[in-house]
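Student: I would like to go through the labels attached to this model and ask what each one rests on.
Tutor: Then we take the labels in turn and set each value against its cut-off.

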Amino acid sequence: MSSALPTPRLRSIVAAMTLLALAACGPATLPSGATINDPTEVQNRGIHQFNVAVDRALIRPVSLTYGTVVPEPVRDSVSNFSDNLDQPRHVVNNLLQFRLYSAAQNTFRFLVNSTFGFGGLFDPATDMGILPVETDFGETLHVWGVEEGAYVVLPVLGPSTSRDTAGFIVDRVMNPTRLVLTAPESDYATGATVADAMNTRYRFADTIDGLYYDSADSYSQARLLFLQNRRFELRGNAPVDYADPYEDPYSDPYEDPYEDPYAQ
């Protein structure tokens, strides 16, 4: 089962949108040497406008109501519960990427939060320093050498690529936790996922509103920001082949700023 608004996907989009602050001084552009493969731009723009309309009419007002009416501790507990359900999926992808330390980290985190966190409603693992190592099958395909493919916009879900769309489908199918859930537990999981998505939309309301409703060309802006963020996420330890405009000019030149502490 899956929900209409899988929270990991929404968070990835929100992460890209937060780069708006960096683009505030001018229009966002990909670094020199980077490319955009958008052969179905006309169709993508139509879906993007549909998504904006759905956000305006439904998602935005529902998220604002949820964030205003439901107390923050309750919202946090629901989000913790939803996140905990996704931990086994991260473990599976860690193993498929041959990142055994990350798999062990996520496994231990799931066990701690499922027991001491009362089924994941609380997050004692973070307090213990056991942080999540989030990943997805799109990243697994990247590790296996699959090309990014074309840029696509999914209905409601938003920006993606051909590779990430395939990864999203596989993630929905192979999530171990959700595969074993039956009604009514599966309904609770779906509700928690949707509520978590609404909480994320509420928390980043100003950022998302700025992109959707204040940009001269929200489609181009969303596309650029998504591709920037996703490529940055997947680059890992690989050296860049172009000048990174977001690189800290005062950073240690002998320190790898993209080193993954969990990669093996």
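Tutor: Buried means under 20% relative accessible area, exposed means over 50%, and partly exposed is in between (1.4 Å probe, protein chains only). The model is predicted, so local features need pLDDT of at least 70, side-chain atom pairs count only at pLDDT 80 or more, and totals for chains, interfaces and linings use all residues. Residues are numbered from 1 along each chain as its sequence is written, and side-chain values use heavy atoms, with hydrogens and water left out.

Student: Why are α2 and α9 called roughly perpendicular?
Tutor: Two packed helices are described by the angle between their axes and the distance between the axes. Axes are lines fitted to C-alpha atoms, for helices over the stretch in contact, and angles run from 0 to 180 degrees between N-to-C directions. Angles under 35 degrees count as roughly parallel, over 145 as roughly antiparallel, 65 to 115 as roughly perpendicular and the rest as oblique. Helix α2 (residues 41-69) and helix α9 (residues 185-203) pack at about 90 degrees, with axes 8 Å apart. The pair is therefore roughly perpendicular.

Student: Which residues of α2 and α9 make the contact?
Tutor: Contact means heavy atoms within 4.5 Å. Among the residues involved are Asp-55, Ile-59 and Arg-60 of α2, and Ala-195, Met-198 and Arg-201 of α9.

Student: How do you know that Arg-201 and Asp-55 form a salt bridge?
Tutor: The term requires a side-chain nitrogen of Lys or Arg within 4 Å of a carboxyl oxygen of Asp or Glu. For Arg-201 and Asp-55 the N to O distance is 2.9 Å, and the pair qualifies. Arg-201 in helix α9 and Asp-55 in helix α2 are 146 residues apart, so the pair links distant parts of the chain. Arg-201 is buried at 3% relative accessibility, and Asp-55 is buried at 4%.

Student: Where do Arg-230 and Glu-233 lie?
Tutor: Both are in helix α11 (residues 218-235), 3 residues apart, about one turn of the helix. Arg-230 is buried at 6%, whereas Glu-233 is partly exposed at 36%.

Student: How many salt bridges does a search of the whole structure find?
Tutor: The search finds 15.

Definitions and conventions
Helices (H or I, at least four residues) and strands (E, at least two) are DSSP runs, numbered from the N terminus.
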